[in-house]
Amino acid sequence: MIRITRSAVLGAPVEQVWPLLRDFGGWHAWHAGLASSQVDRGAADAVGAVRRLRLRTGEHLREQLIALSDREMSGTWCLIEASNPLDPYVATLRLRRVTHGDCCFLEWRLQADGPLSRQSAAERFLGETLCDPAIAGLQGRFRSASLLSAGEKVDHVQREADEGSGRAAKFARPPIRPLGAPSLPSEEGIRPASHTGDQVMNSLAVVVERHGGPEVLRTTRVTVPPPGPGEVRLRHAFIGVNMIDVHGRAGEFGLGSLPAVPGMEGAGTIVDVGPGVAHLRAGDRVAYAGRPPGAYAEARSLPAAIAVPLPPDLDARMAAASLLKGITADLLLHDVHPLQPGELVLVHAAAGGLGLVLCGWAKALGATVIGVVSRDSKVDAAAAAGCAAVIVSSREDVAQAVREMTGGRGVDVVFDAIGRATFEASLASLAPSGHLVSFGQVSGRVSAGDVDRLASRSIRISSPNFAEFVDTPDTLRRRADRLFAILRTGRVRPVIDSVWPLPQAAEAHRRLESRDTIGSVLLSPEIG
Amino acid sequence: LPQVYQSRVIEAPVAAVWSVIRDFNDLPNWTPFVAESRIEGNAPPDQIGCIRAFRLKDGGRIRERLLALSDYEFSQTYSILESPMGVENYIATLRLIPVTAGGQTFAEWSAEFDCPPERETALVDQIGRNVFQAGLAALADRFKSTGHR
């Protein structure tokens, strides 16, 4: 017999938390261990409902809801099928009101049968893969103010935003919808009142017709058809220029077949919305980050699922400068390497657009950050972003400097977007059991090399893919909310290196590739 | 049936909180409203069925019977035999639940009783605020300065 009990204090009243928990098919929205969750058929709150869970660790489970009580705020479900050897279990989750304090209490009890021989493996799986990430996800979303240490103000602000009072209410959230539920209205052709018609818009756009250097970026006129089902059409105010655009232009990856319009990040105003888009309307200010490319244009259509409504206190320029970088920093610091207070962190390209966000956020989470910059002129920016120390790679040996600064120990984690040129220095900078997070390849692809040599110091290497971590609208929204919250605290301050008129995209790419930049490079169709 | 419910997070491990409230005869030590207490017939305070007779600081006298005590569930259930409040069939439970993520304690205190309908609101408010909430607040204060998180 296995019994697992977990309980936690969540920093929001039961009225806010219970709707999330009772949505049996929507747990992927908050459960940090779930890649997806979906109710097979019928209502998610019907006793007897069956849900399909895909875990981030790869397993699939099917669970059936066998009791649900809005009075007790409790639900009970059991396992009916699993992709891994797992004995049947019954789990109950219950929420209790805390009458004194702006929080509630969550209890999770799980009981499984099974032979003793499998007990510890099952316990580990059920506890660490199912329960703990659930608690962590909820705590991240509803951090209790009374448990905050000074370094964790972030989530407090997030909590206020979540409570939806006053200006925070403008964070109009899309309704939580189970994955796989139809996003189209039942009757074709019904469109929200904000839809302005079927006019094709003309737009200036920067197009890559063949792979090559910055000179292949050509400005041309394109037509932007009305948004299709699930899409929105928007007019850009600012467009983020990222290294991935450079890789796409050069033909390495990320742009697909040519001709194509590059760009994965932008901010602007919705012109009109396609059928089935419920959470956005014409006139909304939004930002987006991610695929499909196509941002280097005055106007474009894109899937509504990747557009995030901007809070009123965040301007479009700052949003375009920080959304892709901020969401990347969020997944790096919360998922790829869940950063612990007190950890020592090394960040390469610390004065770049992403680097500055990463340094500030890591420091806000209680880590001590060592930045690496390419030249002396960038030291001040990295220090201002939160680096306790800055190494200048053009005149210092990075690994040696790290050793000296850490008394020979090395750092707990290295965030390396540079790739081949820094790989060896990154490995040599790590403490035993350290973690190298390799998430970019400005200098060329990294070869895995000889894995055995990592063993002597128990080194881990991660190579995360942005898309894996922003795979549902809810995940994206959660990450964006966390970003907006930390921007508001002032602990992360995106820096804008330069803003270029849209037709000067080639200049913007040259600037980014020069490695002279401090902060983000933007394009704007509204200047020049 | 009138019901009262109060709950609070206490910044201390459950064992520490339980050791304070477990003794059925120890209300004067941890609540702000009980002046003195004794167990009738010299029974041990953890004997199920024992009766505590105590005097409130405002002078009121109350007799309560221990109905259940669980060191496993960290809970205590009791009924009122006599009180100045004018309630009948009054049964209350004080219960602690450990918070595994954080190490604190969730404490809840609830009761059900019968009374004339016109007194229901006032009684629920009085018991909720002056007894349960005041007791839980005293517990919370007791552990506030010990450095537990």
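1. Contact here means heavy atoms within 4.5 Å. By that rule, 21 residues of chain A and 18 residues of chain B take part in the contact. This is a predicted model, in which local features need pLDDT of at least 70, side-chain atom pairs count only at pLDDT 80 or more, and totals for chains, interfaces and linings use all residues. Residues are numbered from 1 along each chain as its sequence is written, chains are lettered from A and ligands numbered from 1 in the order in which they are written, and side-chain values use heavy atoms, with hydrogens and water left out.

2. Buried area is the accessible area (1.4 Å probe) that two parts lose on being put together, summed over both. Between chain B and chain A this area is about 1500 Å². Carbon and sulfur atoms give 50% of that area.

3. A salt bridge is a side-chain nitrogen of Lys or Arg within 4 Å of a carboxyl oxygen of Asp or Glu. Side chains of opposite charge can pair when their charged atoms come close. The rule finds one salt bridge across the interface of chain B and chain A. Its partners are Arg96(A) and Glu108(B), with the closest N and O atoms 2.8 Å apart.

4. Which elements give two or more residues to the side of chain B that touches chain A? They are β1 (3-10), β6 (88-98) and β7 (105-114) of chain B. β1(B) gives the most, with six residues. Helices (H or I, at least four residues) and strands (E, at least two) are DSSP runs, numbered from the N terminus. By class, this side of chain B has seven nonpolar, six polar and five charged residues. Ala, Val, Leu, Ile, Met, Phe, Trp, Tyr, Cys and Pro count as nonpolar, Asp, Glu, Lys and Arg as charged, and the others, Gly among them, as polar.

5. On a 1 Å grid over the protein atoms alone, a cavity is a set of points where a 1.4 Å probe fits but cannot get out; lining residues have an atom within 4 Å of a point. Grid points are joined across faces, edges and corners, and a volume is the space filled by probe spheres set on the points. The count comes to five cavities of 30 Å³ or more.

6. The largest cavity has a volume of about 80 Å³. Its lining includes Trp18(A), Phe24(A), Trp27(A) and Trp77(A). α1 (14-22), β4 (60-69) and β5 (74-82) of chain A give two or more residues each to this lining. The lining has eight nonpolar, two polar and one charged residues.

7. The second largest cavity holds about 60 Å³ of space. Among its lining residues are Trp27(A), His31(A), Arg51(A), Glu63(A) and Trp77(A). At least two lining residues come from each of β3 (50-55), β6 (89-97) and β7 (104-112) of chain A. By class, the lining divides into eight nonpolar, one polar and two charged residues.

8. Over all chains, the search finds 35 salt bridges. In one of them, Arg62(A) pairs with Asp40(A), the closest N and O atoms being 3.2 Å apart. Arg62(A) is in strand β4 of chain A, while Asp40(A) is in the loop between β2 (34-39) and β3, so the pair links distant parts of the chain, 22 residues apart.

9. Some backbone details remain. A cis peptide bond joins Leu258(A) and Pro259(A), with omega about -5°; Pro259(A) is in the loop between α4 (243-250) and β11 (265-273) of chain A. The bond from Arg291(A) to Pro292(A) is also cis, with omega near -5°.

Terms used: 1 Å grid on protein atoms, 1.4 Å probe; cavity = no way out; pocket = protein on both sides within 12 Å on 5 of 7 lines; lining within 4 Å.
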